[in-house]
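Subject: Handover of the two-chain model

Hello,

I am passing this structure on to you. Please open it first, then read my notes below.

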Protein chains: 2
Amino acid sequence: MNFKDTPIAEIDALMERSWKAFLVYRERPLSDRAAFMRIIAEEMDASGDELITTAMAETNLPEARLKNERNRTIFQLKSYGEAAERGDWLEARIDTADNNRNPPKPDIRKMLVPLGPVVVFGASNFPFAYSTAGGDTACAFAAGCSVVVKAHPAHPATSAIVATAIQKAISRCGLPEDLFIHVFGTSTETGKTLVTHKRTKAVGFTGSYTGGKALFDWANQRKEPIPVFAEMSSVNPVFLLPDQMEKEPEKTAEMYAGSITLGVGQFCTNPGLIFGIKGDALEKFKTVLGEKIAGVAPAKMLHPGIAKAYHEKKSKALSQQGNTLIKESTVKAGELEGEAAVATTTASVFINNTVLHEEVFGPYSMIIECADEKEMVEAVSKLEGQLTATLMATEKDMLDYPDLISEVSNICGRFIVNGVPTGVEVCLAMQHGGPFPATTDSRFTSVGADGIKRFARPLAYQNWPDSQLPDELKNANPLQIYRTVNNEPTKNSI
Amino acid sequence: MNFKDTPIAEIDALMERSWKAFLVYRERPLSDRAAFMRIIAEEMDASGDELITTAMAETNLPEARLKNERNRTIFQLKSYGEAAERGDWLEARIDTADNNRNPPKPDIRKMLVPLGPVVVFGASNFPFAYSTAGGDTACAFAAGCSVVVKAHPAHPATSAIVATAIQKAISRCGLPEDLFIHVFGTSTETGKTLVTHKRTKAVGFTGSYTGGKALFDWANQRKEPIPVFAEMSSVNPVFLLPDQMEKEPEKTAEMYAGSITLGVGQFCTNPGLIFGIKGDALEKFKTVLGEKIAGVAPAKMLHPGIAKAYHEKKSKALSQQGNTLIKESTVKAGELEGEAAVATTTASVFINNTVLHEEVFGPYSMIIECADEKEMVEAVSKLEGQLTATLMATEKDMLDYPDLISEVSNICGRFIVNGVPTGVEVCLAMQHGGPFPATTDSRFTSVGADGIKRFARPLAYQNWPDSQLPDELKNANPLQIYRTVNNEPTKNSI
């Protein structure tokens with residue numbers, strides 16, 4: 001199939017249509033949003049084998065993985081819709097009037113309201129869950145926003161099928177046709193025109209640092225700057241602490257070989273840096289990790305651009321003085337494939353060479369030998385912001401390494417103990433977002449229902465007659481949502 | 001007194017000290033933060049007449065107003081401290097593990113953690129409540145951050161007294177001396193150096209558009225961009241609707257004469273634009289408003305720069321073709337004084353001349369005559385973001401003007417019915433923040449305990465042993481805070 005770029009000249013009219021659809025949609029009750037999102041999920045499911053085979057052809061991802069990912073996407077749509085209807089995310093606050101106070105205290109009520117049209121740029125590595133009807137789109141719809149998606153150039157046909165599913169759901173729910181608009185564009189100009197249009201009120205992006213940072217800069221240079229939620233780059237450091245490592249270096253190595261090579265390493269939470277304290281346990285870990293990695297067969301990466309970047313960045317990392325290959329896949333990789341590899345260096349080499357801090361997107365990881373906690377902490381202090389950080393540690397280790405824990409907590413959004421960073425649970429407590437450059441706004445998450453809040457802002461109603469207030473804030477609490485009334489969370493009426 | 005600028009070369013060391021103090025303070029329990037803030041309040045109170053007379057001399061504000069403002073500042077410190085301890089702002093979320101699921105569901109717990117050192121630039125019009133120990137500082141301390149305040153050049157002696165009160169509280173509480181650092185600087189360079197320092201993690205500002213936008217741009221151009229919460233400019237439009245105006249045009253005019261001239265019009269919520277529907281009621285409103293305004297004696301403004309800007313901007317507005325003076329103070333203003341004035345124009349003139357949309361900081365307001373709702377809505381669609389908007393309306397008016405209400409809700413943070421925008425209640429439901437350029441981030445408030453969230457970000461703990469979790473997230477819920485456990489708000493233990 002051939003997908004023509006949407007002409008730049010048409011984008012202005014599209015954004016105006018998105019704005020008009022937003023004005024209608026935001027007035028619909030929360031229950032309508034939830035119903036709409038359930039029906040998108042239904043339509044995603046009904047897209048059947050055609051969607052899976054199309055995505056397999058465009059992304060080289062295997063069938064089982066894509067089927068799982070579609071289920072996850074369906075779960076996101078349904079659960080964010082349920083969360084929208086449950087209403088906790090609205091942060092409804094009511095402070096009632098006090099006419100006996102001098103001066104009298106007014107009645108003030110506040111809740112989150114949607115920002116307006118949201119432009120979404122999906123990820124190539126999650127063609128469903130972080131693309132057309134993925135997390136950003138689901139959060140925007142849940143918040144009450146309209147959505148404009150620029151199809152990912154690496155999977156336009158997949159994106160078109162999902163767009164059709166959303167459009168069918170819009171039609172079935174009697175919502176404005178332009179609530180969802182699908183745009184194609186292979187040039188930077190398309191993205192820039194979308195982000196800088198005055199009707200665009202927020203941007204969601206998952207991808208490279210270069211791409212995300214460009215959107216962030218355009219958005220901030222607008223006459224009216226707008227928020228950009230870009231998830232960009234993370235090397236997800238892991239810290240192997242001595243007491244834990246004494247126990248099971250081999251098991252840990254096996255677990256990490258799996259995490260490093262999962263999905264040809266094409267996850268934003270792939271563990272790219274593994275710090276350990278020099279010693280026998282670390283040597284054992286390295287040996288087993290090397291053996292396991294050597295046995296992993298290369299596989300096709302998402303698209304030629306990703307494969308090329310992986311080979312170049314891996315070669316660059318391995319060519320740095322003092323960084324040594326431990327093992328790589330024994331089977332030579334084809335041109336579009338990624339071969340797993342692990343390397344090792346010392347903390348002093350790492351600290352003094354920021355090339356080694358850069359993300360190598362693919363099944364590559366580096367083990368950094370530290371002399372002691374002090375050196376480990378120093379290395380952490382040089383790291384940029386990360387989505388995740390992981391300790392392999394016993395409770396004794398955690399008590400023995402307080403400075404490390406303090407330092408690591410400065411740079412990550414999710415802090416894991418005795419696990420692997422890959423695998424991002426979709427739940428309310430999830431934080432998928434971290435200090436820059438992991439994301440452009442560490443105060444928000446792109447996974448879990450709290451992600452809805454990215455696309456909303458508080459609006460306070462002072463002294464409104466009850467009849468004219470939104471249902472969410474009426475005295476009777478007709479929607480039966482939790483509200484904080486005079487500082488106390490409650491579902492009670494007033 | 002003479003306050004020397006802090007040498008630029010010293011700022012690096014100061015920020016490093018602030019960072020170290022932050023690392024200690026953030027580990028202290030919530031109850032310590034609340035106690036510390038209560039003691040700052042005590043010390044503010046103990047600063048007695050010296051603080052009031054110093055502020056009177058530096059700001060030209062009257063004694064009663066300053067005494068009230070100190071009380072408000074004390075209330076903010078105490079109530080934000082209490083909110084910090086109550087812990088709702090932490091957004092604690094717990095999703096417990098499910099080992100029977102395939103794959104097993106991990107235990108994930110999330111709460112807000114402080115960002116790091118916050119640099120605060122206070123306002124000249126609130127020398128206590130939005131300055132040295134004002135709302136931004138109180139929110140930052142409540143969040144667990146250290147604070148660096150650049151003293152406002154218009155009230156350095158006042159700022160120094162308040163800084164001493166904070167330093168005494170730090171000492172009484174046994175907290176790190178550098179938890180609060182006071183800097184003087186009259187050049188742009190001081191602000192830029194503070195905002196661009198790598199240890200600075202957020203900025204609070206209240207003041208002009210030019211000042212706030214400069215900080216915003218510097219912050220976004222950093223290698224690691226940081227959030228800037230700048231409250232900048234707002235003309236706070238008011239809409240007089242016909243049914244309400246038929247009832248009491250005179251009373252409304254009296255109320256607005258008071259709001260326009262309160263504190264020589266030097267409030268960020270001063271009503272600068274008043275839209276009405278052409279007719280007899282509007283004429284009556286104008287006549288009474290003019291009479292009342294004429295009777296208000298000029299008074300000294302905050303500082304010569306503000307007085308000069310007021311005279312220039314008022315003259316510029318009045319010189320625009322089609323904008324006509326209704327009345328001004330009959331007593332001529334002295335050089336440093338501001339004289340009240342009201343002008344009037346038509347919607348078509350207003351729509352086509354953006355000079356008339358600009359804030360005139362002081363006791364000046366303009367009445368815009370609209371032919372009908374359509375013209376009123378068109379005028380609103382040309383307005384930039386605002387802190388507040390106000391309807392003078394009956395329920396009938398609100399039902400008759402749905403398009404106006406929809407359009408106005410796009411541009412404001414607080415939407416008032418039958419009141420005046422001046423007077424910002426300090427409570428949880430308050431939203432003091434609006435779409436750009438009212439503030440740089442409409443998703444947050446600078447008044448009320450929700451302002452604490454500006455200086456924090458979520459951190460998720462995955463699979464941590466209970467003993468090592470922060471108290472806020474431990475199974476037993478030792479702090480007895482509200483937490484959302486498996487999607488349900490509760491104070492129960494797990």
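Where in chain A is the place of A:Glu339? A:Glu339 is in the loop between strand 12 (337-338) and strand 13 (341-346) of chain A.

Some ground rules. This is a predicted model, in which local features need pLDDT of at least 70, side-chain atom pairs count only at pLDDT 80 or more, and totals for chains, interfaces and linings use all residues. Residues are numbered from 1 along each chain as its sequence is written, and chains are lettered from A and ligands numbered from 1 in the order in which they are written. Helices (H or I, at least four residues) and strands (E, at least two) are DSSP runs, numbered from the N terminus.

Back to A:Glu339. It is buried, with 25 other C-beta atoms within 10 Å. (Buried needs 20 or more such atoms, exposed 12 or fewer, partly exposed lies in between; C-beta atoms are placed from the backbone.) A:Glu339 touches A:Pro298, A:Glu328, A:Ser329 and A:Ala333, leaving aside residues up to four places away in sequence. Contact means C-beta atoms, placed from the backbone, within 7 Å. A:Val228 is 111 residues from A:Glu339 in sequence and 34 Å away in space, C-alpha to C-alpha.

Next, the domains. Chain A has domain 1 (8-232 + 443-488) and domain 2 (238-417), with bounds from an automatic or database domain assignment. Their centres, taken over C-alpha atoms, are 35 Å apart. Seven residues of domain 1 are in contact with nine of domain 2.

The contact takes 49 residues from chain A and 49 residues from chain B. Strand 17 (456-462) of chain A is one of the elements that supply at least two residues of chain A's side. Strand 17 gives the most, with six residues.

Strand 17 of chain A also pairs with strand 16 (residues 412-417) of chain B, in the parallel sense, over three bridges. Pairing requires at least two DSSP bridges between two strands. A:Tyr461 has B:Phe415 as its bridge partner in strand 16 of chain B.

Best wishes

Terms used: Two residues are in contact if their C-beta atoms, placed from the backbone, lie within 7 Å.
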